[in-house]
Amino acid sequence: MTIFWAIIRHELKLTARQPGDLLLIVSFFLLTTSLFPLAVGAEPNLLARIAPGIIWVTALLSVLLSLPRLWEPDYNDGSIEILMLSALPLELIVLAKVLVHWLLTALPLALLTPLVAVMFQLDIQALPLMVGSLLLGVAALSLLGSIGAALALGARSGTVLVALISLPLFIPILIFGVSIADMALMSLPSEGAFLILAALTLFALPVGILGTAWALRLAVSN
Amino acid sequence: MAIANPCLPWLALLTVACLIWGLYLSLFASPADYQQSETVRIMYVHVPSAWMALFIYSVMAIASLVAVIWRHPLAEIAAQASAPIGAAFTFCALVTGSLWGKPMWGTWWVWDARLTSVLILFFIYLAHMALTSAFDDPARGRRAAAILCLVGFVNVPIIKFSVEWWNTLHQPASVLKLGGPSIHADMLWPLLIMALAFKLIYLCLLIVRMRNELMAARVRNLTAARARG
């Protein structure tokens with residue numbers, strides 16, 4: 001288990017020393033969300049209604065943007081092979097890396113969501129659900145996206161490929177994630193949608209970890 | 001391949017015969033629906049296409065499983081060869097469904113569970129094809145695509161049961177269900193013949209595409225051997 005925590009500490013330290021990637025995601029999220037009022041018109045009622053969808057889609061795209069950085073540096077400099085030789089099973093290494101990826105994307109996005117929500121005149125009552133659904137949903141996105149990122153290692157035009165593989169898998173998460181905040185906006189009980197999102201995330205946990213480990217073994221063996 | 005090659009012309013002949021018979025039955029011999037009148041004939045293309053979309057993906061998933069577990073090269077090639085055919089059938093199901101939806105539901109497209117999940121299936125087919133061809137080493141691409149295919153298989157039961165789990169505009173299954181089909185024999189038979197014809201089309205195309213792929217692999221190996229001198 002010490003290796004597990006060592007990997008997490010190492011990744012966090014890397015990001016602390018080079019916060020560029022984190023800043024990239026944060027500024028992408030803010031910039032892209034601010035495009036929507038300019039494009040669809042700044043009518044407050046309209047913005048309040050479509051805010052959950054816009055925040056979710058933009059969060060999804062931010063995760064997508066960060067995915068190529070998940071495995072590619074380790075693959076290119078060969079440290080993934082060193083990690084695979086360690087005593088820790090590859091599945092747990094994957095879990096550690098995905099956990100860090102989730103921390104470094106979900107937390108900034110969740111912290112920025114209240115700011116964006118205010119800009120979009122989102123009903124303040126829906127805000128806790130919005131943030132909660134993002135924290136939960138981005139975990140599923142990280143897990144599923146990690147498969148795509150690992151499968152595209154060493155491929156031509158890898159970035160586009162990651163998007164093409166990951167987006168179809170992201171769609172169910174998006175649907176139920178948005179419906180949580182939407183139901184809260186319509187003052188309907190949103191527990192059901194929240195439980196479904198939690199179930200999807202729990203389901204994505206083994207699928208994402210096993211699929212990524214499989215794909216990494218394949219990438220390294222060739 | 002030794003068995004498949006001599007069979008292919010006969011199989012092709014059978015496919016054409018079956019398709020002509022099925023088209024005659026569905027376009028001329030079968031009755032028009034009392035509610036939908038002549039537009040019901042879209043069903044004879046739409047439903048078999050949709051069945052094929054799911055069937056081919058299931059075949060690919062089984063082939064991928066075999067490929068991943070036993071590393072059988074023919075299974076990988078079968079999955080690779082099936083993907084574009086499956087994508088074509090899925091596209092066909094989406095387009096004919098859209099054409100059928102306009103007169104019946106009054107709209108080309110609705111974002112309900114069945115239509116959305118089939119659209120996702122189409123995207124997964126596209127991703128599978130892109131991933132297969134994205135590597136310099138074709139074997140690597142096929143193995144990566146096998147993993148994607150297995151992950152994407154989650155979608156298949158969702159599509160199958162989407163009409164029962166959610167309230168959708170799309171009608172529930174009326175052929176494969178408990179208590180026998182709820183569709184009249186005059187319409188059921190043309191439908192089944194068309195489904196058989198579509199299965200045969202898939203089989204023919206699969207054999208041709210697998211043969212092409214095996215020959216391409218042989219050409220690659222020979223050129224590589226010659227380049228090595």
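Reader: How much area is buried between chain B and chain A?

Author: About 2000 Å², with carbon and sulfur atoms giving 76%. Buried area here is the accessible area (1.4 Å probe) that two parts lose on being put together, summed over both. This is a predicted model: local features need pLDDT of at least 70, side-chain atom pairs count only at pLDDT 80 or more, and totals for chains, interfaces and linings use all residues. Residues are numbered from 1 along each chain as its sequence is written, chains are lettered from A and ligands numbered from 1 in the order in which they are written, and side-chain values use heavy atoms, leaving out hydrogens and water.

Reader: Which residues in chain B lose the most area to chain A?

Author: B:Arg140, B:Ile147 and B:Val151, together 29% of what that side buries.

Reader: How many residues does each chain put into the contact?

Author: Chain B gives 23 residues and chain A gives 23 residues. Contact means heavy atoms within 4.5 Å.

Reader: Which residue forms a salt bridge with A:Arg156?

Author: B:Asp136 does, with the closest N and O atoms 2.5 Å apart. The count between the two chains is 1 salt bridge (a side-chain nitrogen of Lys or Arg within 4 Å of a carboxyl oxygen of Asp or Glu).

Reader: Switching to A:Trp71. What is A:Trp71 in contact with?

Author: Leaving aside neighbours within four places in sequence, its contacts include A:Ile80, A:Val94, A:Lys97 and A:Leu216.
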